[in-house]
Amino acid sequence: MGKLIARFEITVLIRRETLARTGQDAGTGKPAALLQATGLSRTYRLGAAAVPAVQDVSLSIEGGEFVALQGPSGSGKTTLLNLLGLLDRPDAGTVAIQGEDGESLTENAKSDLRRDRFGFVFQTFNLIPVLSAEENVAYPMVIAGVPDPERRQRAGELLRSVGLGDKAGVRPDLLSGGQRQRVAIARALANRPAIVFADEPTANLDSHTAEEILDLMRTINESSGVAFLFATHDPRVVARARRVILLRDGSVEKDAAS
Ligand code: ADP
Ligand code: MG
């Protein structure tokens, strides 16, 4: 499928409606950052041992950004993504989402927020094996209560936009790794998130496929305005980011445009 068609379809599908949902910063009245982390720390306790996985991290992500979280294995990338995505709670510090403090939310409100404003993509794809590609993409819309005809139509359109229009009825085990990750990306976009968190999305792919997946993510980012934050230790993946946050031993060592 041509890139132009993909761009057009993605734009029509996702539009910029996600960007309209910005909160305001209470103090200044300016639009709040999409994500604002302040002084985040997280220490794992293993018996008597303490592992300080994330230490005093402050950063902000604006709507529409395309950011790599780079660092060697064990540097705290997954822990930080889990904190920013409200999947885990910090020992200290705060995460605000469009101006709303994550810690002030009940667990139900947090899970609603994750469902409505966040998409997640994982290293191991995490598709549901007994569901077809289309059913996997539709699944978050089932959770969100989107009625059936609309859900099915949107799932089909999303699959076409990631180049898998002909695989709607196929189960994940009959798809290649790259195809599975495309399904996972389509699924992450199902409820029109403001940001997609991707934890090592290309770690299980060969280098050519990894580059294709990154190009797809960037096309989606540029045409729809959905922000992406992806953890990686692959320099080729980092090269495609517009901003790189370098983590070392749980702290931000460098944060710069690339
Ligand atoms: P990365 O994703 O960059 O590889 P992680 O966030 O997974 O880094 O891990 C950061 C540090 O925290 C590492 O030292 C890791 O061993 C440790 N760690 C991660 N998860 C746990 C856990 N559930 N329990 C204990 N230690 C953990
Ligand atoms: Mg990790």
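**Note on the predicted model**

1. Start with one loop residue. Asp249 sits in the loop that links β9 and β10. The model is predicted, and Asp249 has a phi near 50° in it, a positive value in a residue other than glycine. Most residues other than glycine have a negative phi. β9 and β10 form a hairpin with two residues between the strands, and Asp249 belongs to this hairpin. Is Asp249 buried or partly exposed? Asp249 counts as partly exposed, because 14 other C-beta atoms lie within 10 Å and a buried residue needs 20 or more.

2. Compare that with Phe125. Phe125 is not a glycine, yet its phi is positive, about 70°. The loop between β6 and α4 holds Phe125. Phe125 is buried, because 21 other C-beta atoms lie within 10 Å.

3. Now the whole chain. The protein chain has 258 residues, and 41% of them are buried. It contains eight helices and ten strands. Take the contacts with a separation of 6 or more: 73% of them involve residues 24 or more positions apart.

4. Next, the sheet. Six strands form an open sheet in the order β6-β7-β8-β3-β9-β10, and the pairing is mixed. β6 (118-122) and β10 are at the edges with a single partner strand each, so one side of each has no neighbour in the sheet. From one strand to the next, the twist averages 15°. Strands of a sheet pair through backbone hydrogen bonds, either parallel or antiparallel.

5. Look at the pairs one by one. β7 (residues 195-199) and β8 (residues 227-232) are parallel, with five bridges. Ala198 has Phe230 in β8 as its bridge partner. β3 (residues 66-70) and β9 (residues 243-248) also run parallel, joined by four bridges. Here Leu69 stands opposite Ile245 in β9. The pairing of β9 with β10 (residues 251-257) is antiparallel and has six bridges. Val244 finds its bridge partner, Ala256, in β10.

6. Another hairpin is built from β1 and β2. Nine bridges join these antiparallel strands. Two residues lie between them, and Gly47 in the turn has a positive phi of about 60°. Leu46 is opposite Ala49 in β2.

7. Where is the nonpolar core? Nonpolar side chains tend to be buried together in soluble globular proteins. The largest nonpolar core here has 64 residues, and Leu69, Ile195 and Phe228 touch the most other members. Helix α7 (residues 207-224) supplies the largest share of this core, six residues.

8. Leu69 is then in contact with Lys77, Leu80, Leu81, Leu229, Phe230, Ala231, Ile245 and Leu247. Ile245 is also the residue that stands opposite Leu69 in β9.

9. Thr219 counts as partly exposed because 16 C-beta neighbours lie inside 10 Å. The C-alpha atoms of Thr219 and Val162 are 10.0 Å apart, while 57 residues separate the two along the chain.

10. Finish with α4. The buried residues of this helix (residues 133-143) are Ala133, Glu134, Asn136, Val137, Ala138, Pro140 and Met141. What do they pack against? Their partners are α3 (107-117), α5 (148-161) and α6 (177-188). After α4 comes Gly145, with a positive phi near 80°.

Key: Residues are numbered from 1 along each chain as its sequence is written. Chains are lettered from A and ligands numbered from 1 in the order in which they are written. Two strands pair if DSSP finds at least two bridges between them. Axes are lines fitted to C-alpha atoms, for helices over the stretch in contact, and angles run from 0 to 180 degrees between N-to-C directions. A residue is buried if 20 or more other C-beta atoms lie within 10 Å of its own, exposed if 12 or fewer, and partly exposed in between; C-beta atoms are placed from the backbone. Two residues are in contact if their C-beta atoms, placed from the backbone, lie within 7 Å. A nonpolar core is a set of buried Ala, Val, Leu, Ile, Met, Phe, Trp, Tyr and Cys residues joined through C-beta atoms within 7 Å. Lists of a residue's contacts leave out its neighbours within four places in sequence.
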